[in-house]
Amino acid sequence: MSRGRDDATVLAVDDLQEYLDVYEHRLGDEYEVRTAHGGEAALAAIDEAVDVVLLDREMPGVSGDDVLAAIREEGYDCRVAMVTANEPDEDVVGIGYDAYLRKPVSGDDLTEVVERLRSLSAYVDAVTALHEASERRAAGEHDPERVRELRDRADDIADGFDPRDYRVVFRDLR
C-alpha cells in the first residue's frame, strides 16, 4: 500500500503480481493504492474507504465478475473498472462495471480512468445533494443560492462527460 497526494483510495485486483506492481507504481504518487492478489483477497480488502476498483476479470478461483457482483450486492459506494486482456462481449452487458480497459494499460490510461470514475461519483453526489436541496426548497425552506450552487457544480462536472458517462450515472440515479 502506498500513500499519495490525494485522499482517494484505489484497490487494484489481479492474479498477476506484475500488474499490481504497475498499478501501484503508476498511481501511488496520486492516490492511496491497495493491492489484492486475486478475487478472494479483493473481497477481504474492500471496504467503505475504497473509491475505485481496478479489477481483472479473469482470475482463478473467485473471478472478477464474482468480485464485482459481491461489491454491488454489499452496496459499496465505489466505481469499478474491469481491466482485462479480452475484448468485451455480450456477456459483460449488465454486470455493473463503470469502465472497461484492455490490457496492457498505459499509466496515462490508468490515471484517466481513475479520474473519470471519481468524476462520475462526484456528479452523482452533486445531483443527489441538488435533489435534496430542491426538496427542502419546495417544502418552504427557501435557499435558492444553495440550489444554484449545486446545479452549477453538477453542470461543471458534467461538462467533461461523454454518452457512456451518462449511462453510468443514470444507472446509479434510478
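A residue counts as buried under 20% relative accessible area, as exposed over 50%, and as partly exposed in between. By that scale Ser106, with a relative accessible area of 32%, is partly exposed. The model in which this holds is a predicted one. Across the protein chain, buried residues make up 42% of the 174 residues.

Confidence comes next. The mean pLDDT of the protein chain is 86, and 89% of the residues score at least 70. Over residues 1–5 the pLDDT stays under 50, although the model has 20 contacts for them beyond four places in sequence. Where pLDDT is low, the predicted coordinates should not be read in detail.

The protein chain contains six helices and five strands. Read from the N terminus on, its elements follow the order β-α-β-α-β-α-β-β-α-α-α. Of the contacts between residues at least 6 apart in sequence, 62% join residues at least 24 apart.

Helix H4 spans residues 107–138. Its 32 residues reach 46 Å from the first C-alpha to the last, close to the 46 Å expected at 1.5 Å a residue. After H4 comes Gly140, which has a positive phi near 105°.

The largest nonpolar core has 29 residues, and Leu27, Leu54, Val113 and Val114 have the most contacts inside it. Two or more residues of this core come from each of S1, helix H1 (17–27), strand S3 (52–56), strand S4 (79–84), strand S5 (99–102), H4, helix H5 (144–158) and H6. H4 gives the largest share of this core, eight residues. Apart from neighbours within four places in sequence, Val113 is in contact with Leu54, Ala81, Ala99 and Leu101. A second, separate core has 16 residues, among them Val13, Ala42, Val80 and Tyr100.

The structure holds three aromatic pairs. In one of them, Tyr19 and Tyr23, the ring centres are 6.5 Å apart and the planes stand at 35°, so the pair is tilted. Tyr19 and Tyr23 are separated by about one helical turn, because they are four residues apart in helix H1. An α-helix has 3.6 residues a turn, so residues three or four places apart point the same way. The two tyrosines are assigned to separate accessibility classes: Tyr19 counts as partly exposed because its relative accessibility is 25%, while Tyr23, at 2%, counts as buried.

Another pair, Tyr123 and Phe161, is edge-to-face, with 5.1 Å from centre to centre and 65° between the planes. Tyr123 lies in helix H4 and Phe161 in the loop between H5 and H6, so this pair ties together parts that are 38 residues apart in sequence. Both Tyr123 and Phe161 are buried.

Asp14 lies in strand S1 and counts as buried because its relative accessibility is 0%. Leaving out residues up to four places away in sequence, Asp14 touches Tyr19, Leu20, Tyr23, Ala36, His37, Gly38, Asp56, Met59 and Lys103. This list includes both members of the tilted tyrosine pair. With Lys103, Asp14 makes a side-chain to side-chain polar contact of 2.6 Å. Glu32, which is placed in strand S2 (residues 32–37), likewise counts as buried, at 13% relative accessibility. The side chains of Glu32 and Thr9 are joined by a polar contact of 3.4 Å.

A cis peptide bond joins Lys103 and Pro104, with omega at about -5°. Pro104 is placed in the loop between S5 and H4, and Ser106 is in that loop as well. The side chain of Ser106 reaches the backbone nitrogen of Asp109 at 3.0 Å. From C-alpha to C-alpha, Ser106 and Tyr23 are 9.6 Å apart in space, against 83 residues apart in sequence.

How values were computed: Residues numbered from 1 in each chain as written. Predicted model: local features only at pLDDT ≥ 70, side-chain atom pairs only at ≥ 80, totals over all residues. Heavy atoms only, no water. Buried < 20%, exposed > 50% of the residue type's maximum accessible area, 1.4 Å probe, protein only. Polar contact = N/O pair within 3.5 Å; in protein donor to acceptor, adjacent residues only side chain to side chain. pLDDT = per-residue confidence, 0-100. Contact = heavy atoms within 4.5 Å. Expected span 1.5 Å × (residues − 1). Core = buried A, V, L, I, M, F, W, Y, C linked by side-chain atoms within 4.5 Å. Phe/Tyr/Trp six-rings, centres within 6.5 Å; stacked < 30°, edge-to-face > 60°.
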